[in-house]
Amino acid sequence: PLEVAAFDCECIGNDMLALLKVLGHSCYALVGHDWGAILAWHLGCLFPEAFPRLCVMSVPPVTLVAKVPPVDRMAQQYGEDFWYILYHNEYQDYGKPWPIDDPTALTGPAEKEYDADVEGFLKRLYLSGALSTSEVKAMTIEAPPCQDPKRSAGGQLDRLPLCTSLPSWMPQEALDRFVEAFKASGFRGGINYYRCLNRNWQKTKSAFQKAGGKIKQPTLFIGGELDPVIKT
């Protein structure tokens, strides 16, 4: 969808409820990883009867339990320093939430940068989460060109290290498939999820408070020992 708001938790939740109906079920267990984890927390809060069991991986419910809108909190924390979530929310002003209600606000600097070098971005992105693994540690790694923490010094690509070769779990054929897919779709759709962070918080706030500030259905949380999200 073109509209950024189509990626918020309420729209995604209604899509999931429609899927339930088509499948002929009244409820099912919801499993989510990474951005799916964030949505699982919010959907579990908004639609507890439809999702009576949750399995959430990697991302704790930080956006759900936040006392202030998540993007506002990150802007206070990072100031003028670069943070990729603030970058994904940047339209005209860094550190401000995406202007979802502005119908002309469809594209930002993040997807322009990523779309311009799909293979380079994907190589850096996939390897950046595995830098602490033994296989990647043994590889030759080029330091990120940009060492300045300020957003004004550049975007995301030059802040990520690059390996001169690929690890065993990312053969060139697999990378080529991803590159082909993202060249066709662009990165805007995925980035739009970040642009709904504040909106998700606002849409879930009342339901979360009514539930006593808790996710009440049985929930399994799984986090990896080397997962940078857990360490952050």
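Colleague: Which residues is His42 in contact with, leaving aside its neighbours within four places in sequence?

Modeller: Cys9, Thr63, Leu64, Asn200, Trp201 and Thr204. Keep in mind that this is a predicted model.

Colleague: Where does His42 lie, and what makes it count as buried?

Modeller: His42 lies in helix α2. Its relative accessible area is 1%. Buried means under 20%. His42 is therefore buried.

Colleague: What makes Trp41 buried or exposed?

Modeller: The relative accessibility of Trp41 is 7%. The cut-off for buried is under 20%, so Trp41 counts as buried.

Colleague: What is Phe221 called, buried or partly exposed?

Modeller: Phe221 has a relative accessible area of 35%. Buried needs under 20% and exposed needs over 50%. Phe221 is therefore partly exposed.

Colleague: How many aromatic pairs does a search of the whole structure find?

Modeller: The search finds 17. One of them is Trp35 with Tyr194.

Colleague: What makes the pair of Trp35 and Tyr194 edge-to-face?

Modeller: The centre to centre distance is 5.5 Å, against a limit of 6.5 Å for pairing. The angle between the planes is 85 degrees. Over 60 counts as edge-to-face, so this pair is edge-to-face. Trp35 lies in helix α2 and Tyr194 in helix α10 (residues 188-195), so the pair ties together parts that are 159 residues apart in sequence. Both residues are buried. Ring pairs also place Trp35 and Tyr194 in a cluster with Phe7, Tyr78, Trp83, Tyr84 and Tyr193.

Colleague: How do you know that the charged end of Arg195 sits over the ring of Trp98?

Modeller: The charged end is 3.8 Å from the ring centre. The distance limit is 6 Å. A second condition asks for an angle within 35 degrees of the ring normal. The charged end of Arg195 is listed as sitting over that ring.

Colleague: What makes β1 and β2 a pair of strands?

Modeller: Pairing needs at least two bridges. Strand β1 (residues 30-33) and strand β2 (residues 54-57) have 4, in the parallel sense, so the strands pair. Leu30 has Leu54 as its bridge partner in β2, and Gly32 has Val56. With helix α2 (residues 35-46), β1 and β2 make a right-handed β-α-β unit.

Colleague: What joins β2 to β5?

Modeller: Again 4 bridges, and the strands run parallel. Strand β5 covers residues 219-222. Met57 has Ile222 as its bridge partner there.

Colleague: Which residues of β1 are on its covered face, and which on the uncovered one?

Modeller: Leu30 and Gly32 form the covered face. Val31 and His33 form the uncovered one.

Colleague: How many residues has the largest nonpolar core?

Modeller: It has 43. Those with the most contacts inside it include Leu43, Leu86 and Phe187. Helix α2 gives the largest share, 8 residues. A second, separate core has 7 residues, among them Phe7, Trp98, Ile100 and Ala105.

Notes:
Residues are numbered from 1 along each chain as its sequence is written. This is a predicted model: local features need pLDDT of at least 70, side-chain atom pairs count only at pLDDT 80 or more; totals for chains, interfaces and linings use all residues. Side-chain values use heavy atoms; hydrogens and water are left out. Helices (H or I, at least four residues) and strands (E, at least two) are DSSP runs, numbered from the N terminus. A crossover is right-handed if, with the strands pointing away from the viewer, the path from the first strand over the helix to the second runs clockwise. A nonpolar core is a set of buried Ala, Val, Leu, Ile, Met, Phe, Trp, Tyr and Cys residues joined through side-chain atoms within 4.5 Å. Buried means under 20% relative accessible area, exposed over 50%, partly exposed in between (1.4 Å probe, protein chains only). Rings of Phe, Tyr and Trp (its six-membered ring) pair if their centres lie within 6.5 Å; planes under 30 degrees apart count as stacked, over 60 as edge-to-face and the rest as tilted. Contact means heavy atoms within 4.5 Å.
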